[in-house]
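Colleague: I would like to go through this model with you and ask on what grounds its features are named. Please put it up.

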Amino acid sequence: SSGPSDLAPEVWEKVKDHPCYSEEAHHYFARMHVAVAPACNIQCNYCNRKYDCANESRPGVVSERLTPEQGARKVLAVAQSVPQLSVLGIAGPGDALYDWRHAKATFELVAESLPDIKLCISTNGLSLPDHVDEIVNMNIDHVTITINMVDPKIGAKIYPWVFFDHKRHTGVAAARLLHERQMLGLEMLTARGVLVKVNSVLIPGINDEHLIEVNKAVKERGAFLHNIMPLISDPAHGTAFGLSGQRGPTGQELKKVQDACEGGAKMMRHCRQCRADAVGLLGEDRGQEFTLDKLPEFLE
Ligand code: SF4
Ligand code: SF4
């Protein structure tokens, strides 16, 4: 479990009020996600574009895609009725850093009215090295990178393509590009003192044993938490690996990999894989109370 006993004191100081990082805080502080990231620059075999980005989120009902202005209105409305709101995250439905203008504009609007709210983003990392300066300048103090492999040969089984530098790349070359950008982005952020959590999706038969190497690699580069999440397959929608019916791991398989990684980067075991438009205390989702049609029309 994650908590004061297994985090360095200087890290604990930064995350103790963050519901996702502190098991204590998640009873007292609320987080919300706004779904303002419209598009993605990679294809994960487990992604179903009809749903939220699996960077952080489980498949569910499609999130409403909001403009930055709508997103900011929603955050202010939530802040008025959820006084424990301490964290605003952008985690989908696409990638927060691809077409970054949407996330950036949302954060800027919110920060004008709620200067104390903590900002975080999650990303697949491909665009990350290009935005590190802005992330630091905007006081975004937590970044989550989804890293499912450090071996491009394994990556080629997870990512059919990545779009980078105006081109679509495929195969091992695509996975290598993604891998190199993920490692570079992680190193750049930790060098600047930004807290980085790594998410990995456990895909049975593809990266289960390999995640131990991922754990070592991200620990070496300064990630403060590693969150191994189960692939959530949705056979009804052919979500995972096209229509091949890739299953998700059993609870036992998940625990085995998490246990094997103990002693590496700190493990996070209470992530709930919230939706890209989740609102409220961890474990509750009041998102449906704050859909677009229920918001006030103007920013106060
Ligand atoms: Fe889908 Fe997220 Fe992967 Fe992009 S990064 S393909 S939105 S799961
Ligand atoms: Fe926190 Fe995990 Fe939910 Fe993100 S998906 S808000 S890290 S519990």
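Colleague: How do you know that α2 and helix α3 cross, and at what angle?

Modeller: This is a predicted model, in which local features need pLDDT of at least 70 and side-chain atom pairs count only at pLDDT 80 or more, while totals for chains, interfaces and linings use all residues. Residues are numbered from 1 along each chain as its sequence is written, and chains are lettered from A and ligands numbered from 1 in the order in which they are written. The axes of α2 and α3 (residues 101–113) come within 8 Å and cross at roughly 35°. Axes are lines fitted to C-alpha atoms, for helices over the stretch in contact, with angles from 0 to 180 degrees between N-to-C directions. Helices are DSSP runs of H or I with at least four residues, and strands are runs of E with at least two, numbered from the N terminus.

Colleague: What is the handedness of the crossing of α2 and α3?

Modeller: Right-handed. That word applies if the near helix is turned clockwise from the far one by less than a right angle, and left-handed if anticlockwise.

Colleague: Which residues of α2 and α3 make the contact?

Modeller: On α2 they are P68, E69, G71, A72, V75 and L76, and on α3 H102, A105, T106, L109, V110 and S113. Contact requires C-beta atoms, placed from the backbone, within 7 Å. By class, seven residues are nonpolar, four polar and one charged. Ala, Val, Leu, Ile, Met, Phe, Trp, Tyr, Cys and Pro count as nonpolar, Asp, Glu, Lys and Arg as charged, and the others, Gly among them, as polar.

Colleague: Why is K197 called buried?

Modeller: K197, found in strand β8, has 26 other C-beta atoms within 10 Å, so it is buried. The label buried needs 20 or more such atoms within 10 Å, exposed 12 or fewer, and partly exposed lies in between.

Colleague: What is the strand order in the open sheet of seven strands?

Modeller: The order is β9-β8-β5-β4-β3-β1-β10, with mixed pairing. Two strands pair if DSSP finds at least two bridges between them. Strand β4 (residues 118–123) is joined to β5 (residues 140–146) by five bridges, so this pair qualifies. The two run parallel, and C120 has H142 as its bridge partner in β5.

Colleague: How many bridges pair strand β6 with β7?

Modeller: Four, in the antiparallel sense. F163 stands opposite R168 in β7.

Terms used. Two residues are in contact if their C-beta atoms, placed from the backbone, lie within 7 Å.
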